[in-house]
Structure formats: C-alpha cells, structure tokens
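Student: I am new to this structure and would be grateful for a guided discussion of it. May we begin once it is displayed?

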Amino acid sequence: MENETTRMSTEDYSLYYGKFKALNSINIEIPSNRITAFIGPSGCGKSTFLRSFNRMNDLIPGVTTTGTVNLDGRDVAREDVVKLRKKVGMVFQRPNPFPKSIFDNVAYGPRLHGLKNRSELAVLVEKSLRQAAIWEEVKDDLQKSGMSLSGGQQQRLCIARAIAVEPEVILMDEPASALDPVATLKIEELMNELKKNYTIAIVTHNMQQAGRVSDYTAFMLTDQNRAGNLIEFGATKQIFTTPVNSRTEDYISGRFG
Amino acid sequence: MTSGSRRTGLEKTMKTVLLVSALASLLIVLLIFIFTMKGALPAFRELGVWEMLSGTTWRPGNGEFGILAMIAGSGLVTFGAVLIGVPLALGTAVFLSEIAPGWIVKIVRPSIELLAGIPSVVYGLFGMVVLVPLVREIPAPGNAGFGLLSASIVLAVMVLPTIASISEFAIRSVPGGYREGSLALGATKWETVSRVLIPAARPGIISAVVLGLGRALGETIAMIMVIGNSVILPAAITGNPLSIFLSRARTLTGNIAVEISYATGVHESALFATGVVLFVLIMLVNSSAGFLLKRGAR
C-alpha cells in the first residue's frame, strides 16, 4: 500500500438491516487510480459494502450504520447525497440503460447537473462514449434507443453514462456477470483504460476476473453471526499467491465458496 | 390411443370455445353499432349527416336537430375533467408508488378504490348539493352554478380512481434498475420520477387516461344533475374566455337520457344519431391512444 494515495476509505464501518448486523467494523483504504476488487462467497456483504460508498443503501428502509465512509478524507454521510453520487458513479450488475436514445442516456447525468448547451453536450457525449469504447459501434445513430443494443453494448453505454458526469470513483457491482465471455473481455480491457482517470472498485463473483483486472483485492467472509467481515486486503498478486490468512487461501484455491 | 384422441378432441373443443368467447364481445359491439345506426338512419337521411353535426339548434318541436352544442358540451366537459383529473391522478399515482410509506398506501389505496365504487347518481347528488353552490359563488352575470365547471369537477373525481390506479401500477412496473441508475447518477427523487419513471411508464399512463376519457364521455346521470342541460353552444359568459366553463351545457349522453322516454319519429331517430356520434367519438379516442402508444414505443 506504500506510494499510493487513498481515494476512499472506511473506518470501523458497520451496517445493520434493522437489528441484523450485515457488515462488521470494516477498515479499508482504496487507492486512487487503481482497480480494487472485492471477492468472497455469496452473501458475504461485498455488494452491500460497495453500495456504502455512494450511499445507495440509504434507499433501503431500516438500514443504519456506525463508523465512517470517507471520500478524499471527508465523511460521505455529511456530504449532500446528490453531490456525492456525482463524484462516485456506479455501474450495476444488469445493464440498465434508460428507455431513451443513446444520446439522451449519456446526456442524462450532465443535464441533471445543469449542462444545457447542445454543442457542449454533444462533445461530452462523444467523449464519454469514446472512453467507454463504444463510440465506433454507435456513432452512426445516436438517436437509436439504448435498449436496442446488445447486453455488452448496453453495459458499456452504462459505463459511458457514468463517466459523463465526470466522477472520481466508479463502483462496479458485478458488471460482467450478465454478459458473455467476449463482452466480458471488452469490459475488462475497458477497466484497464479507465483506471488512468478514475478510481475503480469492483465486486466480482469471478476470481479469475479479479486476478486479471485488479491491482488490489479485498477478501470478505461472513462470521458466525452472518455479518460480513474484511478478512484480508492487499496487492492482488500477493493475495492470490501468498495470502496471509488461511481462509483466504482456502477460498482462492477453491476449497469452499 | 383412445385417450390420446380424446385429448386431441378436447383440445379442439376448447380452442373453439375460447374463440367463440373472444368473438362474442366483437359480435356484441358490432350488433350494438348496427342497431344504433339503424335507428339513426331515418334522421340522417331526412336531415342530412352534416346538417345534424354542424347544426347548433336542437328544437324537436320545430324539427331542428343540430347536435353540435352537445358535441361541444361533451367535449368541453371531458376536456375540463382531464385538465383537473389527470394531474390529480398522476400525483396520486406517483405519491403511492414512490413516496408514501407502506402504512399510508394501505389507507389511501382502498379509499381510492372506494371512490370507484360510488354510484354516479351519488356523485351527481354531491355535485348538486356541494359543488354547484360553491361554483355559484364565482361572481359572473348569469352564473347559476350548474354548468361545465361543476360537471368537470364531478367528472374529474369520477375518473380519478381509474387513472390513478392504472398509472400507479404502470409506475410500479418500471424496472427497479432505472430507478437505481438514475439515483446513482446524482438525480433527486423528483428528477428520477419526472425524467425516467413517468416517461418509462408512459404507455400505461396513456392507457389509463384513455380509459378515463372513455368513462368521462359516457357518463350520463351525474352530468344531467349538474351541467344544467340547456341546449346551447357553450360560450364565455364574461369577457374572460375561461368563463366558458361557467356556461350551461348538455352532453350527448344527457341528450339521449333526458328525451328518449317521450321521443317519437324523427326525434327518436335523432337521439339514436346522437348515440352514433358518441360511439364514433369514443372509437376516435381509443384509436388515437393506439397512435400515441406506437409513437411512444419508438
């Protein structure tokens, strides 16, 4: 972790669904301009944890938290949630383009945040689509519905949509799990490009994917009370070759999960 | 093999039974149209279709049977009802689907359903006793309270349950991913509702409004009780063009219901012609919905 700047971090962060503790006192520092992968068996809380960074859990009634989640050293709970989500974008498991044109999908965020000028929007939309490596495939008809694209294209459109608001961090919740292998590969290549400009945190079920794309890996597991714990966090190479914790080793080597 | 052939036989019978039930409603619509048309033909032949449609005076004693005033009456009262009812219904739908906590939904939704169950004559009574005196308070010469405004408000409340519950269902059926996607981009709840959820639910909302329009055009007894029933082409009663809604009017439905019991000869036929016009109007409304839906699907 030396020589890295921390973009996001949590301190003793716990999350409860009503009385049930789902995340148990998690401390982590997510480095800037790197890809950090969260792995672990189903139900270990990794998606819930990811959704803490842009406060998507606020939408679920009965959720309470203790400890802090920080962006650039500032507690996100004190930040205006609209501003926070502009800085921390999210890509979901199932591609979810709006039933609007490709252009309007990408322009959605910038328009929300006040950009109205038609030509500036056009420039931004093209830039975002290029960054998401989908420009060449859609440039001939930006008025076509975003829903008419293939699953992989839809997901890259959603990435373009997230990029268009110029976030600092992009959270990806199993972004390739609904896609075929070719589309998955494209998304992975894209992530490698994106980390030059953005900090990326990805939840994945697929350990090979974590090994291929990420710089850092966090392994999560539930304890005897079914609360999610961070077991081990480190450089991906180290986690995959010389894990410190025996449970990490068991999981990596496929002995459970 | 016998059981096999028996099953095939049953399959065929069921197909026929289902086909017949599907055709039944088509047949009934057709029969009603033919029957109404047949009743209307003498009037159309004797007075002329265009003369009836464009005529502004309805004086059965004088042999004058212009129904333009009633077309305008029905059109205006429906327009007024939509103007008042649709925003109210959409507001209700958004509130119930997106904002209200569960326990409020549990109180509000049944009361809206109850609204749908109130007989229209009771709405008429309410209109006469409560609304008409209120509307009469508006200072304008000749304003009796009975008229388009009172009728529009009554009608708006009557179509509210239909439009609200179907729209609520349409908004609830919008995939959760749209909601999350919008919020994750930094949209507020209201921005998400107005820019993503309502557009995505548009087909359902349009169907809801059209169903409401159909009900509004067809409403009879409540209209008779509050609209004043004078056969005059509605017009502004003061300098303010909006005062057209203070004008008395008569609806197509009301025209039939009020006069059919004593009408004979051409007069009776002219009432059937009124029915044909109503029929065509409703068909127009429904097909325009189809057109809007197709355009929305693009």
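Student: In which helix of chain A does Leu50(A) lie?
Tutor: The model before us is a predicted one. In chain A, the run of residues 46–50 forms a helix, and Leu50(A) belongs to that run. The helix that holds Leu50(A) is α1.

Student: Is Leu50(A) buried or exposed?
Tutor: A residue needs 20 or more other C-beta atoms within 10 Å of its own to be called buried. Leu50(A) has 20 C-beta neighbours inside 10 Å, and therefore its class is buried.

Student: Which residues does Leu50(A) touch, not counting residues up to four places away in sequence?
Tutor: Residues up to four places away in sequence are set aside here. The contacts of Leu50(A) are then Phe38(A), Leu171(A), Asp173(A), Ala201(A) and Val203(A).

Student: How far apart in space are Leu50(A) and Ile26(A)?
Tutor: In sequence, Leu50(A) and Ile26(A) are separated by 24 residues. From C-alpha to C-alpha, the distance in space is 12 Å.

Student: What radius of gyration does chain A have, and why does it agree with a compact globule?
Tutor: Chain A holds ten helices and ten strands, and its C-alpha atoms fill a box of roughly 55 × 40 × 35 Å along the principal axes. For 257 residues, a compact globule would have a radius of gyration near 18 Å. Chain A agrees with this because its own value is 18 Å.

Student: Among contacts in chain A between residues at least 6 apart in sequence, what percentage join residues at least 24 apart?
Tutor: Buried residues make up 45% of the 257 residues in chain A. As for contacts between residues at least 6 apart in sequence, the part that joins residues at least 24 apart is 68%.

Student: Where in chain A does Arg226(A) lie?
Tutor: Arg226(A) is not a glycine either, yet it has a positive phi of about 65°. It has 13 C-beta neighbours inside 10 Å and therefore counts as partly exposed. Its place is the loop between β9 (216–222) and β10 (228–235).

Student: How are helices α6(A) and α7(A) oriented to each other, roughly parallel or roughly antiparallel?
Tutor: The axes of α6(A), residues 151–163, and α7(A), residues 181–194, come within 9 Å and cross at roughly 20°. Angles under 35 degrees count as roughly parallel. The two helices are therefore roughly parallel.

Student: Which residues of α7(A) meet α6(A)?
Tutor: The crossing of α6(A) and α7(A) is right-handed. From α6(A), the residues in contact are Gly151(A), Gly152(A), Gln155(A), Arg156(A) and Ile159(A). Their partners in α7(A) are Ala183(A), Lys186(A), Ile187(A) and Leu190(A).

Student: Which element gives the largest share of the side of chain B that touches chain A?
Tutor: The contact takes 13 residues from chain B and 19 residues from chain A. On the side of chain B, the elements that give two or more residues are α7 (176–184) and α8 (189–200). The largest share, six residues, comes from α7(B).

Student: Are α7(B) and α8(B) roughly parallel or roughly antiparallel to each other?
Tutor: The axes of α7(B) and α8(B) come within 10 Å and cross at roughly 155°. An angle over 145 degrees counts as roughly antiparallel. The helices are therefore roughly antiparallel.

Student: What is the handedness of the crossing of α4(B) and α6(B), left-handed or right-handed?
Tutor: The axes of α4(B), residues 102–117, and α6(B), residues 148–172, come within 8 Å and cross at roughly 140°. That angle makes α4(B) oblique to α6(B). The crossing is left-handed.

How values were computed: Residues numbered from 1 in each chain as written. Chains lettered and ligands numbered in written order. Predicted model: local features only at pLDDT ≥ 70, side-chain atom pairs only at ≥ 80, totals over all residues. Axes fitted to C-alpha atoms, helices over the stretch in contact; angles between N-to-C directions. Helix = DSSP H or I, 4+ residues; strand = E, 2+ residues; numbered from the N terminus. Parallel < 35°, antiparallel > 145°, perpendicular 65-115°, else oblique. Left-handed = near helix turned anticlockwise from the far one by under 90°. Contact = placed C-beta atoms within 7 Å. Rg over C-alpha atoms; globule rule 2.2 N^0.38 Å. Buried ≥ 20, exposed ≤ 12 C-beta atoms within 10 Å, placed from the backbone.
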